[in-house]
Amino acid sequence: LALRSFAQVIGGHREGSTTWCAGRELALSPDVKVEADFVIWYQRRALMPHDQDAPTDTVFGEAKSFGKDAFKPEDVSNMKIVAERFPGSIITFATLREPSQLTEGEVAAIRKLALWGREYLPGRRRTRAPVIVLTGVELFARFSLPETWKDMGGDHARFGDAWRMETGNLRTLADITQQLYLNL
């Protein structure tokens, strides 16, 4: 569902293109191996017709189903190791659970990584590692995040309009989901 979300919902069917692989063990050095449940190369559609080289974002993801307290400290730690090795990449935590089912421990650990990832990389004009949090709300969205969030009401509805203006921008999505789910 996370792969589908990036390919069909987040990119708005026409706003982005994806290539992906699932379940990768990354040998970052002879002593360091970490797993990513998915890796996506995501390219947002060029904003202007003459912009032929829209940047491609690399997204590393950790995916969980409905288990309580499923994002363990080692999952967050592994994603930080990946982000250090691939500066500027995007880290995603995806769960089928509803937002209210994220535990305080999960939120605290992911929030800490998100704050670290918000720092700018010198000379790259990008943040270190934006963190996206996808819950059942986003993963089960039929086709439109703005419409799904509007139907949710509250803070979700407020962000629907912001996303409509930035459809496909993963850094904006990171900012929105951090506000919605990590209280940042």
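1. Arg-97 lies in the loop that runs between strand S4 (90-95) and helix H3 (104-117), where helices (H or I, at least four residues) and strands (E, at least two) are DSSP runs numbered from the N terminus. This is a predicted model, in which local features need pLDDT of at least 70 and side-chain atom pairs count only at pLDDT 80 or more, while totals for chains, interfaces and linings use all residues. Residues are numbered from 1 along each chain as its sequence is written, and side-chain values use heavy atoms, with hydrogens and water left out.

2. Arg-97 counts as buried because its relative accessibility is 2%; buried means under 20% relative accessible area, exposed over 50%, and partly exposed in between (1.4 Å probe, protein chains only). Leaving aside neighbours within four places in sequence, the residues in contact with Arg-97 include Ser-65, Phe-66, Gly-67, Lys-68, Thr-135 and Gly-136, contact being heavy atoms within 4.5 Å.

3. The side chain of Arg-97 reaches the backbone oxygen of Gln-101 at 3.0 Å, and with the side chain of Glu-106 it makes a polar contact at 2.7 Å. A polar contact is a pair of N or O atoms within 3.5 Å; within protein, one must be able to donate a hydrogen and the other to accept it, and residues adjacent in sequence count only if both atoms are side-chain atoms.

4. Glu-106 and Arg-97 also meet through their side chains in a salt bridge (2.7 Å, N to O), that is, a side-chain nitrogen of Lys or Arg within 4 Å of a carboxyl oxygen of Asp or Glu. Both Glu-106 and Arg-97 are buried. Across the whole structure, the search finds eight salt bridges.

5. Another salt bridge joins the side chains of Glu-62 and Lys-64 (3.0 Å, N to O); here Glu-62 is buried, at 5% relative accessible area, whereas Lys-64 is partly exposed, at 23%.

6. Asp-175 and Arg-118 form a salt bridge through their side chains at 3.8 Å, N to O. This pair links distant parts of the chain, 57 residues apart, with Asp-175 in helix H7 (residues 170-181) and Arg-118 in the loop between H3 and strand S5 (131-134).

7. The largest nonpolar core has 49 residues, of which Phe-6, Ile-10, Ile-91, Phe-93 and Trp-149 touch the most other members; such a core is a set of buried Ala, Val, Leu, Ile, Met, Phe, Trp, Tyr and Cys residues joined through side-chain atoms within 4.5 Å. Not counting residues up to four places away in sequence, Phe-93 touches Glu-62, Phe-71 and Val-133, among others.
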